[in-house]
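Please walk through the backbone and ring features of the structure shown here.

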Amino acid sequence: MRRTCFLLTLILCLATGTYGQRLKVGLVLGGGGAKGAAEVGVLKAIEEADIPIDCIAGTSIGSIVGGLYANGYRAATLDSLFRSQEWLYLLSDRNDKLSTAPITTEDGVTYVFGYPIARKKKGSPKKGPGVFHGDNIVQFLDSLIEFCDSTNFDSLAIPFRCVATDVKHHKEVVLSHGYLSQAMRASMAIPGAYKPVIIDTCTLYDGGLVNNLPVDVALDMGADVIIAVDLTQNKHEDRDYERERRSLFRGLIGWAVKRPDLKKYNENRMRADVYINPTLKGYSATSFKTDKINAMLAIGEAEGKANLKKLKKLRKYIYKGVKPDKPL
């Protein structure tokens, strides 16, 4: 009788994972503009594998997808959002009401066929080089976020971090609190296209400049195992940065030559327990046309299914409380 009870208990523990403390799972979503649609497709497989997500770190479009997921949105809803948006309107600050007017000024903003070209509005918090202010995308994100006030990102449905680049101080900034839509907007502020976001003393641009696959950030949040979705298509080898340092220019020009982000990127992708890298040849960060978004969603979903066995295998490790000794 005791033997039977022991076996039943063991079977129950094996089924539920209660015999070991569950590992904490970190989801990492990389940057890549429109290619972020593929991340949504991959999320469907993660959900199908029934893997719990305990924290999320994202960069650029990964911060948008990750931030919304952290707010409680699931893959099916994000899929619908990606398919239904007028991306040109969201990303360009276009005012559709003024799209037929050659030149007009409204609320201190001058528009040409609905596109803002100049602002005389005082007190604008967005200063610095860049064509677009990102007002439409911020308003869109605010409409989706349950709590629009300043908050600690640990208080979201899933704790969240996103990465931005402080160009003034030449350093990575991990955003963990504040206005979530503002943080996501900062993380996706592509230099030249968008004006930076000013937070405290930091002038923030796209986090992809310094950390496009923030596995290290998720690990710092306490993740034991990592699922990373990488949108990068062209991989780069590490370089001898110390030897090159003396001959490089300073500032952004120096960064463009030195590319210290590549070292971190290569290290981070090797630290993922499940690394998913959808093949998106022929698509770019600006592929926001409806047919291309739909195609990338399908590619991401197919890539997720191709990695479903790995995800299910990881789930077993998670509930055993044992970290894999090598990437799956």
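Over the face of which residue does R74 lie, and at what distance from the ring centre? R74 lies over the face of Y69, at 3.9 Å from the ring centre. A charge is taken to sit over a ring if NZ of Lys or CZ of Arg is within 6 Å of the ring centre and within 35 degrees of the ring normal.

This is a predicted model, in which local features need pLDDT of at least 70, side-chain atom pairs count only at pLDDT 80 or more, and totals for chains, interfaces and linings use all residues. Residues are numbered from 1 along each chain as its sequence is written, and side-chain values use heavy atoms, with hydrogens and water left out.

Next come the rings. Rings of Phe, Tyr and Trp (its six-membered ring) pair if their centres lie within 6.5 Å; planes under 30 degrees apart count as stacked, over 60 as edge-to-face and the rest as tilted. The count by this rule is one aromatic pair. The ring centres of F153 and F160 are 6.2 Å apart and their planes are at 45°, so this pair is tilted. F153 and F160 are both buried (under 20% relative accessible area; exposed is over 50% and partly exposed in between, with a 1.4 Å probe and protein chains only).

Now the backbone. Most residues other than glycine have a negative phi. D50, although not a glycine, has a positive phi of about 60°. D50 is in the loop between α2 (37–48) and β2 (55–59); helices (H or I, at least four residues) and strands (E, at least two) are DSSP runs, numbered from the N terminus. Because its relative accessibility is 48%, D50 counts as partly exposed.

S60 is not a glycine either, and has a positive phi of about 55°. S60 is placed in the loop between β2 and α3 (61–70). With 7% relative accessibility, S60 counts as buried.
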